[in-house]
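Here is a friendly walk through one protein model. Have the sequence and the 3D view open as you read.

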Amino acid sequence: MKSYNVGIIGATGMVGQRFITLLEKHPWFNIKILAASSRSAGRSYEEAVGSRWRIASFPMPESVKKMIVYDAVKDMEKIASQVDFVFCAVDMKKEEIRALEEAYAKAECPVISNNSAHRSTPDVPMIIPEINPEHAEVIESQRKRLGTKKGFIAVKSNCSLQSYVPALFPLNEFGVKNVLACTYQAISGAGKNFESWPEMVDNMIPYIGGEEEKSEKEPLKIWGKVKNGVIENSASPAITTQCLRVPVTDGHFAAVFVKFDNKPAKEQILEKWKSFRGVPQDLELPSAPRQFIHYFEEDDRPQTKLDRDNEGGMAINVGRLREDSQYDYKFVCLSHNTLRGAAGGAVLMAELLCAKGYI
């Protein structure tokens with residue numbers, strides 16, 4: 001596999017920092033450029049981040065400390081000319097993100113985005129690599145719209161639904177009909193830790209702005225099909241969610257209730273989870289977990305602190321599968337929100353798109 005020079009747009013934020021830790025020794029991707037807002041531009045990365053390095057388990061790599069931070073907006077042409085593609089995780093207004101990502105794409109620089117701005121754009125694929133890699137086919141239609149040869153935008157989904165949607169997807173042959181999911185989301189999902197958000201210590205907040213709408217609508221795009229140059233959302237399953245912020249550093253939990261058209265036996269569900277593999281596993285992509293879905297037999301597992309880092313934080317952890325009196329079954333799920341749910345999921349998607357020749 002060839003080597004790729006990459007840029008990180010929004011490099012000073014928490015997800016940008018995760019990108020740096022994941023790419024520092026990546027076998028395919030070389031960090032060429034770090035970019036952020038005009039406040040950070042022109043300073044060394046170490047100076048720009050200062051005391052705001054959020055990855056407690058991983059110190060800032062020496063290789064990036066002295067790199068000069070570019071202005072993500074003003075230096076766009078310069079950045080695009082020096083990299084094969086960029087990862088984007090910026091903190092801007094949605095319309096500004098939409099314009100910025102499209103500008104990079106039109107500058108013939110592919111964009112692998114962690115942002116939500118383009119998730120509803122019909123010809124922008126929103127890929128969970130094990131689940132809907134075929135959605136990459138829509139990139140050719142997007143390029144025609146943008147008038148580009150190489151440039152395009154691909155996005156990853158909301159971090160919370162990456163815990164429970166992968167557990168539901170292998171069960172499609174039984175007709176997933178109705179889903180109720182309550183998510184319990186870590187504070188790093190808001191780009192915070194306990195030092196920067198002391199109000200979250202010993203606290204829960206029963207509201208995360210925009211999260212329930214994303215959690216109910218985005219899975220329907222993931223379940224959708226590429227038709228006539230766009231992704232047509234699936235009409236089912238019917239999904240309702242409730243999303244809470246909880247005092248946990250990393251790891252999004254979900255309590256899931258599901259009804260099927262054709263109710264399977266418990267043993268059938270467990271076998272589907274155990275045997276499920278996707279294209280990343282078949283291609284042995286560098287960031288792919290060997291076992292995508294891990295099921296825990298213990299009543300008290302998975303646990304956030306014990307299991308969120310399973311397979312480098314890229315596995316989906318499931319437990320407590322049992323029949324329900326209102327739905328057919330219920331179970332719990334856990335995924336690492338800044339790894340599988342954010343930067344790690346984006347890196348895996350980039351690996352997929354490189355392996356398939358889109359980058």
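Phe29 has 2% relative accessibility, so Phe29 counts as buried; buried means under 20% relative accessible area, exposed over 50% and partly exposed in between, using a 1.4 Å probe and protein chains only. This is a predicted model, in which local features need pLDDT of at least 70 and side-chain atom pairs count only at pLDDT 80 or more, while totals for chains, interfaces and linings use all residues. Residues are numbered from 1 along each chain as its sequence is written, and side-chain values use heavy atoms, with hydrogens and water left out.

The rings of Phe29 and Phe87 have centres 6.3 Å apart and planes at 65°, so this pair is edge-to-face. Rings of Phe, Tyr and Trp (its six-membered ring) pair if their centres lie within 6.5 Å; planes under 30 degrees apart are stacked, over 60 edge-to-face, and the rest tilted. The pair joins distant parts of the chain, with Phe29 in strand 2 and Phe87 in strand 4, 58 residues apart. Helices (H or I, at least four residues) and strands (E, at least two) are DSSP runs, numbered from the N terminus. Like Phe29, Phe87 is buried.

Over the face of Tyr4 lies Lys2, at 4.9 Å from the ring centre. A charge sits over a ring if NZ of Lys or CZ of Arg is within 6 Å of the ring centre and within 35 degrees of the ring normal.

The structure holds 14 aromatic pairs. One of them is Tyr4 with Phe29, edge-to-face at 5.9 Å centre to centre and 75° between the planes.

## Helix 1, wrapped up

Helix 1 (residues 14-23) is largely enclosed by the rest of the structure, because 9 of its 10 residues are buried. Among them are Met14, Arg18, Phe19 and Leu23. The buried residues of helix 1 pack against strand 1 (4-9), strand 2 (29-36), helix 2 (45-49), helix 3 (62-65), strand 4 (85-88) and helix 13 (339-355).

## Two nonpolar cores

A nonpolar core is a set of buried Ala, Val, Leu, Ile, Met, Phe, Trp, Tyr and Cys residues joined through side-chain atoms within 4.5 Å. The largest one has 54 residues, and Ile9, Tyr104, Tyr164, Leu168, Trp273 and Phe331 touch the most other members. Helix 7 (residues 161-168) supplies the largest share of this core, 5 residues. A second, separate core has 47 residues, including Ile8, Ala11, Val69 and Ile359.

Leaving aside neighbours within four places in sequence, Phe331 is in contact (heavy atoms within 4.5 Å) with residues including Leu168, Trp273 and Arg320.

## Backbone details to look for

Arg320 has a positive phi of about 55° although it is not a glycine. Arg320 is found in strand 13 (residues 316-323) and is partly exposed, with a relative accessible area of 36%. Glu311, in helix 12 (residues 310-313), also has a positive phi of about 55° without being a glycine.

Where are the cis peptide bonds? One runs from Ser236 to Pro237, with omega near 5°, and Pro237 sits in the loop between strand 9 (230-232) and strand 10 (238-245). Another runs from Arg301 to Pro302, with omega near 5°; Pro302 is in the loop between strand 12 (293-296) and helix 11 (304-307).
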